Amino acid sequence: LALGDVGMTMLIGLRLLGRHSIESIGICDIKEENVKRLEMEINQIRYPFDGPTLPPVHVVTEKDLFQCDVFIFCASKGVPPIGVIGDVRMAQLEANRGLIKHFATLAKDVSYKGLVCIVSDPVDPLCVAFLDESSLAPWQIQGYGLGVMNARALYYAEKDGRFASYKEEGRAFGPHGEDLVIANSIESYDDELSRELTKLVTTANIQVRNLGYKPYIAPALSSAALSILLTLEGKYHYGSIYLGNDKKGAFFGVKNRYTEQGLEYEDLF
């Protein structure tokens, strides 16, 4: 759902890489011309000769959104323009909460049994909002924002040898934004290094904005396309999952995977 910068980039990633996991991809957007254009263009991404067949893309209407196994929410209102100072993720909460409520109600009306992937910012609060409005089971909802934070930590670990331990021993925890924790190592944790690396990661999007661009390419591919494909394959990935019980809990970003026994997450304690 929604094919702006993030949704369109993610769609390209799913088309190119999803042939082993995806039968088909439905697309829906408020802009009819955009949907028609992307149905044409994405289906024209093909290997020549005897190359592999890529998952076909087809247009779906809002009433058929939840006739699927996986619903990906990329819709967003009020994305701050270039030039806005600071972390812009939480600024989108109130605008996007209304969108979430509408589509969560649609999921509730059809007793949706599949997986809901929340990609829009702020990921974790929107997961809560979808859960509250949809009456779905908590394990059906996962937020996809932490993957790019791990990717950014790896980027800086390659740039600066002081952070090199992250590549083999590091972990990312928490939300996509403020309160993120990047641990330089789970074997020999260094608090000072970890805090410095965390700050680099949480401000990486601002660095791109300061160059005059919206930072959507890496999130759309690292947090969304790649992480969702790993989810479908039952492999470990980063995502925000519900931790708690039916009375109290929260969505929290950790390394996790789906198994035949249910949702499994890495517990380092």
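**Close-up views of a predicted model**

View 1. Glycine 145 lies in the loop that runs between strand 5 (141–143) and helix 5. The coordinates shown here and in the other views come from a predicted model. The relative accessibility of glycine 145 is 3%, so the residue counts as buried. Apart from neighbours within four places in sequence, its contacts are Val123, His176 and Ser223. For valine 123, which is 22 residues away along the chain, the C-alpha to C-alpha separation from glycine 145 is 6.3 Å.

**View 2. Packing of helix 5 against helix 9.** Helix 5 contributes Leu146, Gly147, Val148, Ala151 and Arg152 to the contact, while helix 9 contributes Ala218, Pro219, Ser222, Ser223 and Ser227. Sorted by class, the residues of this contact are 5 nonpolar, 4 polar and 1 charged. Ser223 of helix 9, part of this contact, is also touched by glycine 145 of View 1.

**View 3. Helix 9 and its cover.** Helix 9 covers residues 217–232. The buried residues in helix 9 are Pro219, Ala220, Ser222, Ser223, Ala224, Ala225, Ser227, Ile228, Leu229 and Thr231. An α-helix has 3.6 residues a turn, so residues three or four places apart point the same way. Among the elements covering the buried residues of helix 9 are helix 1, helix 5 (146–159), strand 3 (70–73) and strand 4 (115–118). Strand 8 (237–244) and strand 9 (249–259) also belong to this cover. After helix 9 comes glycine 234, which has a positive phi near 70°.

View 4. Isoleucine 22 sits in the loop between helix 1 and strand 1 (25–27). Its relative accessibility is 14%, so isoleucine 22 counts as buried. Beyond its neighbours within four places in sequence, isoleucine 22 is in contact with Leu14, Pro55, Leu229 and Leu232. Leu229 is also listed among the buried residues of helix 9. Proline 215 is 193 residues from isoleucine 22 in sequence, and their C-alpha atoms are 27 Å apart in space.

**View 5. Packing of helix 1 against helix 2.** Helix 1 (residues 5–17) and helix 2 (residues 32–43) have axes that come within 11 Å and cross at roughly 30°. The pair is therefore roughly parallel, with a right-handed crossing. On helix 1 the contact is formed by Met8, Leu11, Ile12 and Arg15, and on helix 2 by Arg37, Leu38, Ile42 and Asn43. The contact of helix 1 with helix 2 holds 5 nonpolar, 1 polar and 2 charged residues.

**View 6. Surroundings of asparagine 34.** Asparagine 34 is a residue of helix 2. Its relative accessibility of 14% is the reason why asparagine 34 counts as buried. When residues up to four places away in sequence are set aside, asparagine 34 touches Leu3 and Asp29.

Methods. Residues numbered from 1 in each chain as written. Predicted model: local features only at pLDDT ≥ 70, side-chain atom pairs only at ≥ 80, totals over all residues. Heavy atoms only, no water. Axes fitted to C-alpha atoms, helices over the stretch in contact; angles between N-to-C directions. Helix = DSSP H or I, 4+ residues; strand = E, 2+ residues; numbered from the N terminus. Parallel < 35°, antiparallel > 145°, perpendicular 65-115°, else oblique. Left-handed = near helix turned anticlockwise from the far one by under 90°. Contact = heavy atoms within 4.5 Å. Nonpolar A, V, L, I, M, F, W, Y, C, P; charged D, E, K, R; others polar. Buried < 20%, exposed > 50% of the residue type's maximum accessible area, 1.4 Å probe, protein only. Expected span 1.5 Å × (residues − 1).
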